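Please keep the sequence and the structure in view while reading.

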Amino acid sequence: MQATEKDELIEQLEATISRYWGFSKLRPLQEAAIKSVLAGEDSLVVLPTGGGKSLCYQAPAVMRGDTTVVVSPLISLMKDQVDGLRACGISAMQYNSSQTASERSAVESEILKGNVRLLFVSPERLVGTDFHRLLRQIKVSTFAIDEAHCISHWGHDFRPEYRQLRLLRDSFPGVSVHAYTATATEQVREDIIQQLGLKNPVVLVGNFDRPNLTYRVHSRRDLLKQVLEVAGRHSNEAGIVYCIRRKEVDELTATLKKNKVNAMAYHAGLTAEERSQTQEAFLSEQCDLIVATVAFGMGIDRSNVRFVLHTGMPKSLEHYQQETGRAGRDGLEAECTLLYSGSDVLLWKSIMEKSSMEQSEDTTFFDRSMDHLNEMSRYSRGAVCRHRALVEYFGQTFDGENCAACDICLGETVSVDGADTIAQKILSCVARVKAAFGAGHIISVLRGENTEGVRKWHHDQLSTFGLLKEHDKADIRDWIDQLVGQGALEHEDRLLDSGLRVPVIRLNAGSWKVMRKETSVRLLRPMRRPKGESKSRDTTNSLPLDVDEKVLFEELRALRRLIAQEKKCQPYMVFNDATLRELARVRPSGLQKMLKIHGIGQTKLQEFGDRFGTLVYDHARAHGLKLDNFSIDSAPSRSAQRQSPSPAPTQPENKMALKERKECIRKLFKDGTSIDDVMKETELSRTTCAEHLCAFIREEAPTSIHAWVDESTYDKVVAAANTVGIARLKPIYVQLAESVPYEEIRVVLEHFQTVQAKF
Ligand code: ADP
């Protein structure tokens with residue numbers, strides 16, 4: 001292709017995605033993936049969840065104007081995809097067993113008229129001969145196989161019916177086949193290529209890191225407290241809590257409800273109706289918290305899930321990646337917390353043994369499952385950056401030293417000094433109790449506790465009695481788990497004479513290496529923080545909205561919910577959170593300006609532009625907020641600094657050099673320029689100008705600030721602060737009957753405290 005032709009193609013593509021999706025540009029791999037579709041080559045595209053796979057086959061279908069057939073594993077998934085495309089003004093239809101015969105014949109007639117750009121079908125439907133006959137009557141140039149890993153039994157969602165897709169190659173020899181998956185292991189990739197018979201496919205593998213996700217792994221100490229802590233950080237935001245078993249789902253849901261947390265349960269033991277009600281409540285944002293087994297997930301397209309919490313270890317890193325991948329699909333920051341315990345491995349092992357016996361699976365399948373489980377266990381107990389560990393597991397390299405987005409790199413989990421000595425004390429205790437006891441008893445001996453078991457076995461006589469008495473029970477339990485993870489101890493199910501199986505801890509070859517100091521271990525414990533200090537940073541605030549913007553954002557969300565109810569569609573199909581945040585921050589003054597917002601294309605502009613635009617305009621006027629705040633003075637978030645598959649936050653236009661700008665603002669304040677005039681001069685938001693003014697006050701400590709806040713307002717704010725305290729601004733704002741803007745309150749408090757500190 002000539003260079004100009006190429007440029008034209010990209011221009012055409014960009015015009016298409018801007019018009020229909022409201023995106024300003026393609027992500028790097030999308031461009032290559034789309035070109036392979038347009039060139040009629042086969043392809044395999046591996047991108048993490050949220051990486052933007054759908055656009056790779058949807059954009060060419062819209063550009064070419066013929067029909068692309070998309071194979072999708074779940075009917076519920078198809079419905080959402082079809083609705084989502086229609087909301088963007090693209091003709092899409094589904095053809096499956098959920099429809100009546102007359103509905104299907106209506107779809108057939110649209111297909112034959114050439115009116116369907118994207119046709120979603122199940123794998124069973126696609127291999128049927130009647131359907132082939134139908135497709136032969138129209139021009140099909142592309143088959144897109146979504147969730148293509150379902151074809152591989154090396155993967156974690158094997159679907160036998162996917163195997164038949166190979167027939168496509170013979171039945172439609174001239175049509176290119178494109179496979180899309182988020183599962184990245186080499187073996188699965190090769191299997192997909194072979195099973196689908198892809199011919200010299202273009203293989204595109206994206207970056208598996210999801211920089212907008214913050215990973216945390218903690219040992220399970222007090223489940224309810226830990227769940228409430230994470231959910232509490234995300235009140236009014238969507239979250240999924242995964243449990244290993246149905247019973248745990250039911251119990252945790254009931255306990256959360258008792259604690260006034262509105263949660264709904266989802267697992268395969270519920271009726272189809274109950275499940276679909278729960279799914280619907282979650283998608284329509286009527287319910288924000290779902291407690292579920294892995295049955296909940298495929299087809300859950302809610303893009304603003306802000307946290308995924310695992311109350312136990314999943315059975316493989318592939319599962320973990322898939323499940324945590326449901327967080328932050330809108331590209332905004334989200335949190336993934338895994339709570340694990342050594343007993344999770346034993347639980348999974350017994351589940352796998354049972355299933356392999358019931359289904360008389362071959363031993364290689366069981367061995368493979370155990371390998372996956374051990375990898376997962378190593379990750380949970382590991383001491384390296386979680387982003388690095390995940391990315392490397394998927395065969396990629398991780399650039400950079402500190403991800404700033406996991407418990408290890410954030411310093412929330414720290415290495416214990418003298419780990420080898422502690423390990424030796426634990427191991428020798430295991431040896432002294434003759435490897436006949438579980439972790440609980442070993443901990444009691446090491447802590448020098450006077451328990452019934454210790455008295456019964458005279459273990460207070462052992463030399464290891466009380467050797468770790470200064471340490472927490474939970475820490476020692478974690479260390480035992482970590483030593484198992486590092487191969488220096490082993491769990492064993494011991495069969496007693498009574499026929500009872502009990503879990504015991506025993507030594508192995510690795511233990512002796514540690515005892516003989518031939519090898520070192522690393523032990524971790526959670527960082528202890530002084531009381532009152534927040535336990536973690538607020539991950540919800542990665543693209544910080546100031547107080548006014550947050551109020552507007554919530555109003556926009558309410559409008560979105562209302563429109564979704566009216567249109568009987570899911571709220572995210574109207575706009576996703578990233579779009580609403582940008583609307584709240586930029587506040588475009590008119591419809592044309594709205595087109596510059598991520599996620600607003602022509603169709604959505606026509607359909608929703610007026611209502612959202614009016615709300616933004618009225619709110620901005622009522623609160624004295626600047627409109628068209630396109631040059632935002634916000635530091636890019638951490639996720640934006642690192643390469644991200646997600647929409648980057650709006651970057652400041654015509655940015656003055658930071659230092660230069662600071663000096664200029666400082667000078668303006670020194671000359672007594674009002675905040676409004678500084679805003680005009682610098683094009684910065686009121687909040688940012690107020691922040692600069694606060695910094696000026698801190699540094700210069702002027703005797704009076706009446707150039708910016710009049711005397712009576714100053715006195716009112718100080719009086720209100722005396723009544724309700726200065727810890728938070730909102731109570732002062734409310735005390736003053738919302739008559740003084742937040743910025744002024746902040747400036748007064750800054751001055752008041754500076755002056756007080758001086759005297
Ligand atoms: P996947 O199928 O890989 O999980 P999706 O196709 O659902 O991912 O896309 C994830 C999110 O990224 C969606 O919200 C989508 O609208 C958005 N997206 C996709 N491509 C782009 C792009 N080029 N620019 C901005 N946003 C995009």
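Two strands are said to pair if DSSP finds at least two bridges between them. In this predicted model, strand β9 (residues 238–242) and strand β11 (residues 289–292) run parallel and are joined by four bridges. Ile-240, for instance, has Ile-290 in β11 as its bridge partner. In general, the strands of a sheet pair through backbone hydrogen bonds, in either a parallel or an antiparallel manner.

The pair β9 and β11 belongs to an open sheet of six strands, whose order is β8-β13-β12-β9-β11-β10 and whose pairing is parallel. At the edges stand β8 (213–219) and β10 (263–266), each of which pairs on one side only. On average, with direction ignored, neighbouring strands of this sheet are turned by 15 degrees against each other.

Helices also lie across these strands. Helix α11 (residues 246–258) lies across β9, β10 and β11, and runs at about 170 degrees to β10. Helix α13 (residues 317–324) lies across β8, β9, β12 (305–310) and β13 (334–340), and runs at about 150 degrees to β12.

Which residues are closest to the ligand? Among the 16 residues that surround it, the closest are Lys-25, Gln-30, Gly-50, Lys-53 and Ser-54. By class, this shell has four nonpolar, eight polar and four charged residues. Helix α3 (residues 53–64) contributes the largest share of the shell, three residues.

A polar side-chain atom of Gln-30 lies 2.9 Å from a nitrogen atom of the ligand, while a polar side-chain atom of Arg-329 lies 3.0 Å from an oxygen atom of the ligand. Taken alone, the ligand exposes 570 Å², of which the protein buries 83%.

Methods: Residues numbered from 1 in each chain as written. Predicted model: local features only at pLDDT ≥ 70, side-chain atom pairs only at ≥ 80, totals over all residues. Heavy atoms only, no water. Near = heavy atom within 4 Å. Polar contact = N/O pair within 3.5 Å; in protein donor to acceptor, adjacent residues only side chain to side chain. Areas by Shrake-Rupley, 256 points an atom, 1.4 Å probe, with all protein chains shown as cover. Helix = DSSP H or I, 4+ residues; strand = E, 2+ residues; numbered from the N terminus. Nonpolar A, V, L, I, M, F, W, Y, C, P; charged D, E, K, R; others polar. Axes fitted to C-alpha atoms, helices over the stretch in contact; angles between N-to-C directions. Contact = heavy atoms within 4.5 Å.
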